Amino acid sequence: MSAVWDLPDFDDHEGVHLVCDPASGMRAVIAVHSTTLGPAAGGVRFWHYADSVDAVTDALRLSRGMSYKNAMANLPLGGGKGVVLAPEAGATISEAQLIAFGDAVESLGGRYVTAEDVGMSEARMKVIATRTRHVSGLPVAGGGAGGDPGPFTALGIYLGVRAAARRALGVETMDGVHVAIQGVGSVGGGLARRLAADGARLTLADVNADKATALAAELGGHAVAAEEILAVSADVVSPNALGAILTADSIAALDCRVVAGGANNQLATRADGDRLHARGILYAPDYVINAGGIINVGLEYLGQGDRAEVEARIAMIPDRLIEIWDESDRSREPSSAVADRIAQGLIGRG
């Protein structure tokens with residue numbers, strides 16, 4: 001593997017930690033992008049990668065996104081990300097590996113704060129928390145900030161999708177608006193249920209086809225194969241699975257007015273933001289629209305609010321999106337570039 005700082009996605013990261021625990025078999029990457037605004041906060045995912053370079057690249061991209069996300073959400077937190085490598089697709093992380101990861105987080109002395117991401121759960125966060133206090137997303141009493149970030153992420157995306165539809169389609173409600181949702185897990189499924197309650201028409205897809213089919217039947221929607229969803233003719237396409245799915249080819253195939261979803265790092269390259277803009281497709285920068293989860297677990301860790309405060313801050317996500325879209329209209333720059341510039345200024349890298 002090339003030196004980490006030679007990788008294309010290395011962005012003057014403050015630290016990239018490669019962790020190995022032979023006893024448990026745990027291998028992980030912890031990337032700390034910035035601590036300018038506070039400790040580097042970001043979830044940890046358990047995922048199978050084709051090779052170690054892909055794992056490091058994912059950690060680099062995700063941690064940079066967390067710096068931008070936390071800054072744009074006005075949280076006193078920097079950006080970091082943890083990636084624990086799964087030996088194969090569908091593998092389950094062991095308690096010993098969770099403990100080893102908790103020890104790795106503790107060794108950083110509070111520079112990195114971890115939370116739940118893909119392949120993790122509240123129960124697994126509790127195991128990590130036996131080894132470090134620098135963890136959030138733990139089970140909480142009713143009305144408190146914290147717990148599973150998924151529903152809060154879904155809420156923010158729902159509000160952002162409504163704002164995007166209002167701007168691009170001129171509609172005041174989602175009744176009859178056609179939304180194609182890629183990924184129907186905690187976030188995409190939560191979004192689908194909220195939109196269905198508003199009367200939206202739904203087309204759903206997931207790598208677990210049965211899951212998409214079942215949810216479509218429940219909500220009166222339609223399910224398609226995972227490889228077809230981005231090309232569905234719809235008003236809004238909402239990516240809510242893994243990242244780097246907006247490429248030159250997939251953007252050329254889009255048949256929609258809006259792209260607004262919760263997946264991290266949706267743009268495979270910065271040039272893909274230009275491609276969306278050139279096609280006249282309104283794009284909601286992912287790290288702005290999907291900030292609900294980190295708002296929830298961030299306030300939990302900081303001890304700065306209850307659930308009401310979390311929801312009040314999530315309700316401000318559309319305002320930030322409108323600010324970005326307004327500046328994009330004025331400058332004629334892609335919304336992705338505008339958001340990056342604002343975020344970079346907030347963390348002192350503008």
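At 11% relative accessibility, Cys256 counts as buried. Cys20, at 55%, counts as exposed. Buried means under 20% relative accessible area, exposed means over 50%, and partly exposed lies in between, with a 1.4 Å probe and protein chains only. The disulfide count is zero, where a disulfide is a pair of cysteine sulfur atoms within 2.5 Å.

This is a predicted model: local features need pLDDT of at least 70, side-chain atom pairs count only at pLDDT 80 or more, and totals for chains, interfaces and linings use all residues. Residues are numbered from 1 along each chain as its sequence is written, and side-chain values use heavy atoms, with hydrogens and water left out.

## Nonpolar cores

In soluble globular proteins, nonpolar side chains tend to be buried together. Here the largest nonpolar core has 59 residues. Such a core is a set of buried Ala, Val, Leu, Ile, Met, Phe, Trp, Tyr and Cys residues joined through side-chain atoms within 4.5 Å. Ile181 and Leu195 touch the most other members. Helix α4 (residues 150-169) supplies the largest share of this core, 10 residues. Helices (H or I, at least four residues) and strands (E, at least two) are DSSP runs, numbered from the N terminus.

Another core, of 22 residues, lies apart from the largest one. Ala40, Val84, Leu98 and Ile128 are among its members. Contact means heavy atoms within 4.5 Å.

## A cavity

The structure holds one cavity of 30 Å³ or more. On a 1 Å grid over the protein atoms alone, a cavity is a set of points where a 1.4 Å probe fits but cannot get out. Grid points are joined across faces, edges and corners, and a volume is the space filled by probe spheres set on the points. The largest cavity holds about 40 Å³ of space.

Its lining includes Ala41, Leu77, Ser136 and Tyr301. Helix α10 (residues 292-302) gives the most to this lining, with four residues. The lining has seven nonpolar, four polar and no charged residues. Ala, Val, Leu, Ile, Met, Phe, Trp, Tyr, Cys and Pro count as nonpolar, Asp, Glu, Lys and Arg as charged, and the others, Gly among them, as polar.

## A pocket

The second largest pocket has a volume of about 520 Å³. A pocket is an open set of grid points with protein on both sides within 12 Å along at least five of seven lines, and lining residues have an atom within 4 Å of a point. This pocket is lined by 28 residues. Arg64, Asn265, Leu267, Arg270 and Asp340 lie nearest its centre.

Helix α1 gives the most to the lining of the second largest pocket, with seven residues. The lining divides into 12 nonpolar, seven polar and nine charged residues.

## Loops and positive phi

Ala268 sits in the loop between β11 (258-259) and α8 (270-278). Ala268 is partly exposed, at 23% relative accessible area. Beyond neighbours within four places in sequence, Ala268 is in contact with Arg61, Ala244, Leu246 and Thr247.

Ala244 lies in the loop between β10 (236-239) and α7 (248-253). Ala244 is not a glycine, yet has a positive phi of about 60°. Asp12 lies in the segment before β1 (15-21). Phi of Asp12 is also positive, near 50°. Asp12 is exposed, at 60%, while Ala244 is partly exposed, at 38%.
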